[in-house]
Amino acid sequence: PRARQVTTYMEYKGCDRLEAQRRMDFMFNDPNGFGVNEIREVELGEKINYSTKSGVQNRPVFSFFWACWCAYFFFYFMPHRVNELGGIQWWRTFDW
């Protein structure tokens, strides 16, 4: 079904296969964002290039440090802080 959608999109928009494939990949990942981008392209003339790097590909160093901070926070800081405050006492949360 995906290949059929790519070919119908190619016929509808008149673009090449590579652009249609990338647009369909984006549509399957974020349908609402894809719809907004299509509307902006029609109304404002903005042409989105789906071939450029984005997110983690664009900022690998930031992404590495963010991942390190998240790992520290959730696997070191939070468990130690919870233990300092008396831990999680699940048996006191219910009235038996």
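Visitor: What should I know about the model itself?
Guide: It is a predicted model, where local features need pLDDT of at least 70, side-chain atom pairs count only at pLDDT 80 or more, and totals for chains, interfaces and linings use all residues. Residues are numbered from 1 along each chain as its sequence is written, and side-chain values use heavy atoms, with hydrogens and water left out.

Visitor: Back to H1. How many residues does H1 have, and how far does H1 reach?
Guide: H1 has 12 residues and reaches 16 Å from its first C-alpha to its last. That is close to the 16 Å expected at 1.5 Å a residue. The expected span is 1.5 Å times one less than the number of residues.

Visitor: And H2, what's its reach?
Guide: Helix H2 covers residues 17–29, 13 residues in total. H2 reaches 18 Å, close to the expected 18 Å.

Visitor: Which residues of H2 are buried?
Guide: Ala20, Arg23 and Met24. Buried means under 20% relative accessible area, exposed means over 50%, and partly exposed is in between, with a 1.4 Å probe and protein chains only.

Visitor: Where do the buried residues of H2 fall, seen down the axis?
Guide: They fall within an arc of 100°, so they line one face of H2. The arc is taken from the directions from the helix axis to the C-beta atoms.

Visitor: What do they pack against?
Guide: Helix H1 (2–13) and helix H3 (31–44). Contact means heavy atoms within 4.5 Å.

Visitor: How far is Thr8 from Ala20, C-alpha to C-alpha?
Guide: They are separated by 9.2 Å, and sit 12 residues apart along the chain. Thr8 is in helix H1. Thr8 is partly exposed at 41% relative accessible area.

Visitor: Switching to charges. How many salt bridges does the structure hold?
Guide: Eight. A salt bridge is a side-chain nitrogen of Lys or Arg within 4 Å of a carboxyl oxygen of Asp or Glu.

Visitor: What does Glu19 pair with?
Guide: Lys47, with the closest N and O atoms 2.8 Å apart. This pair links distant parts of the chain: Glu19 is in helix H2, Lys47 in the loop between H3 and H4, 28 residues apart. Glu19 counts as partly exposed at 25% relative accessibility. Lys47 is exposed at 54%.

Visitor: And Arg23, buried or exposed?
Guide: Arg23 is buried, with a relative accessible area of 2%. Its side chain meets that of Glu41 in a salt bridge, 3.2 Å from N to O. That pair also links distant parts of the chain: Glu41 is in helix H3, Arg23 in helix H2, 18 residues apart.

Visitor: Which residues are linked in a network of salt bridges?
Guide: Lys13, Glu19, Arg23, Glu38, Glu41 and Lys47.

Visitor: Tell me about Glu38. What does Glu38 touch?
Guide: Tyr9, Lys13 and Arg23, not counting residues up to four places away in sequence. Glu38 lies in helix H3. Glu38 is buried at 15% relative accessible area.

Visitor: What about Asn37, where does Asn37 lie?
Guide: In helix H3. Asn37 counts as buried at 15% relative accessibility. Asn37 touches Phe26, Ile48 and Tyr50, with residues up to four places away in sequence left out.

Visitor: Now H4. How are Glu84 and Arg81 placed in helix H4?
Guide: They are three residues apart, so about one helical turn separates them. Glu84 forms a salt bridge with Arg81, closest N and O atoms 2.8 Å apart. Glu84 is exposed at 59%, and Arg81 partly exposed at 37%.

Visitor: Which residues form the nonpolar patch on the surface?
Guide: Phe62, Trp66, Trp69, Tyr72, Phe74, Phe75, Tyr76, Phe77 and Met78, with about 1100 Å² of accessible area together. Patches take residues with over 30% relative accessible area and no salt bridge; like charges are joined within 9 Å, nonpolar side chains (Val, Leu, Ile, Met, Phe, Trp, Tyr) within 5 Å. Areas come from the Shrake-Rupley method with a 1.4 Å probe; for residues, only the protein chains shown count as cover.

Visitor: Phe75, buried or exposed?
Guide: Exposed, at 69% relative accessible area. Phe75 lies in helix H4, residues 60–84.

Terms used
Helix = DSSP H or I, 4+ residues; strand = E, 2+ residues; numbered from the N terminus.
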